[in-house]
Amino acid sequence: MIELYYAPTPNGWKPAILLEELGVPYELKLMALTKGVQFTPEYLAINPNAKMPAIVDHSVEGEPLAVWESGPILMYLAQKFEQFWPKKDWRYDLQLTQWMFWQTGNQGPMMGQLSHFKNYAPEENKAYGMKRYKGETERTLAVLERRLEAEGAFIMGEDYTIADIQAFPWVFLAKKLGAALEDFPKVTAWRETIKARPAVQRAIDLGKDKAKHDQNASNNNVLFNQGAGHLMN
Ligand SMILES: N[C@@H](CCC(=O)N[C@@H](CS)C(=O)NCC(=O)O)C(=O)O
């Protein structure tokens, strides 16, 4: 059995989409991030970075295996179940790996910050953050647009892979965050194709009634305003 440590956010949706696509049984561990469960010793033993998602795979030989960070989780599951990462040649593997790292090093952090400034930052501090991260978000949408123009329907051409699953969740929210999605027709079509998949719909519905929309940097110092003290004390 695989345990999925999850909250209904774009980063949580990534492994949830893959597990739903794979159709393998998993146990959902819904995390109350607003209450700080990510900082408990039990969770830090699973993910030393105190973020979700993480998985614990109990169906391996020996000790249960914890995997954290969405990119490695998707790469681990795709290799374990031999799906959504076609085995072709080393050039293909390297391309796919680069797009996984592109998402976690570029698109994810930039769109995450746009979401922070739009939804959670104090009003008086919003303007510069919004300008910077909307620009960076649209820059990453342009990178994806150019890739899809060159490759076809999906990031890896004809194959729907973990690179698409990794990049989809933030693009799913792009318009809501104020980015000009309509300027990117290939990305828009790609988003619609992925959004229509039943497994994707099941994943983004997981725990959505539990999402908290009333917490922000002014009223929650556990999830927001974090510093070293959250981990050192
Ligand atoms: N690079 C990480 C990002 C994970 C991340 O930022 N998770 C957020 C939710 S979207 C989180 O756990 N936040 C809790 C906190 O900041 O305390 C990944 O791709 O897994």
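Predicted model: local features only at pLDDT ≥ 70, side-chain atom pairs only at ≥ 80, totals over all residues.

Biologist: Into what domains is the chain divided?

Modeller: Domain 1 is given as 2-83 + 205-232, and domain 2 as 90-196. Such bounds come from an automatic or database domain assignment. The C-alpha centres of domain 1 and domain 2 lie 20 Å apart. Their contact takes 15 residues from domain 1 and 12 residues from domain 2, where two residues are in contact if their C-beta atoms, placed from the backbone, lie within 7 Å.

Biologist: Which elements give two or more residues to the side of domain 1 that touches domain 2?

Modeller: They are α1 (10-22) and α3 (70-81). Helices (H or I, at least four residues) and strands (E, at least two) are DSSP runs, numbered from the N terminus. By class, this side of domain 1 has nine nonpolar, four polar and two charged residues. Here Ala, Val, Leu, Ile, Met, Phe, Trp, Tyr, Cys and Pro count as nonpolar, Asp, Glu, Lys and Arg as charged, and the others, Gly among them, as polar.

Biologist: Why is Ala16 called buried?

Modeller: A residue is buried if 20 or more other C-beta atoms lie within 10 Å of its own, exposed if 12 or fewer, and partly exposed in between, with C-beta atoms placed from the backbone. Ala16 has 26 C-beta neighbours inside that distance, and therefore counts as buried. Ala16 belongs to helix α1. Not counting residues up to four places away in sequence, Ala16 touches Leu4, Tyr6, Ala203 and Leu206.

Biologist: What makes Asp214 exposed?

Modeller: Asp214 has 7 other C-beta atoms within 10 Å, so it is exposed. Asp214 is found in the loop between α8 and α9 (229-232). Its C-alpha atom is 9.9 Å from that of Asn119, and the two are 95 residues apart in sequence.

Biologist: How do you know that the buried residues of α7 line one face of the helix?

Modeller: The buried residues of helix α7 (residues 185-195) are Val187, Trp190, Arg191 and Ile194. Seen down the axis of α7, these residues fall within an arc of 100°, so they line one face. The arc is that of the directions from the helix axis to the C-beta atoms. Pro185, Ala189 and Glu192 are exposed on the other side of α7. The cover over its buried residues includes α5 (126-151), α6 (162-173) and α8 (198-205).

Biologist: Why is strand β1 described as largely enclosed?

Modeller: Four of the five residues of β1 (residues 2-6) are buried, so the strand is largely enclosed by the rest of the structure. In the parallel sense, β1 pairs with strand β2 (residues 26-30) over five bridges. Two strands pair if DSSP finds at least two bridges between them. Glu3 has Glu27 as its bridge partner in β2.

Biologist: What is noted about the backbone at Ala50, Pro53 and Glu82?

Modeller: Ala50 has a phi near 55°, a positive value in a residue other than glycine. Ala50 lies in the loop between α2 and β3, and with 18 C-beta neighbours inside 10 Å it counts as partly exposed. Pro53 is placed in the loop between α2 (41-46) and β3 (54-57), and the peptide bond from Met52 to Pro53 is cis, with omega near 10°. Glu82 has a positive phi of about 50° although it is not a glycine. Glu82 is exposed, because 10 other C-beta atoms lie within 10 Å.

Biologist: Is Ser70 buried or exposed?

Modeller: Ser70 has 27 C-beta neighbours inside 10 Å and so counts as buried. Ser70 lies in helix α3. Its contacts, not counting residues up to four places away in sequence, include Asn11, Lys14 and Gln166.

Methods:
Residues numbered from 1 in each chain as written.
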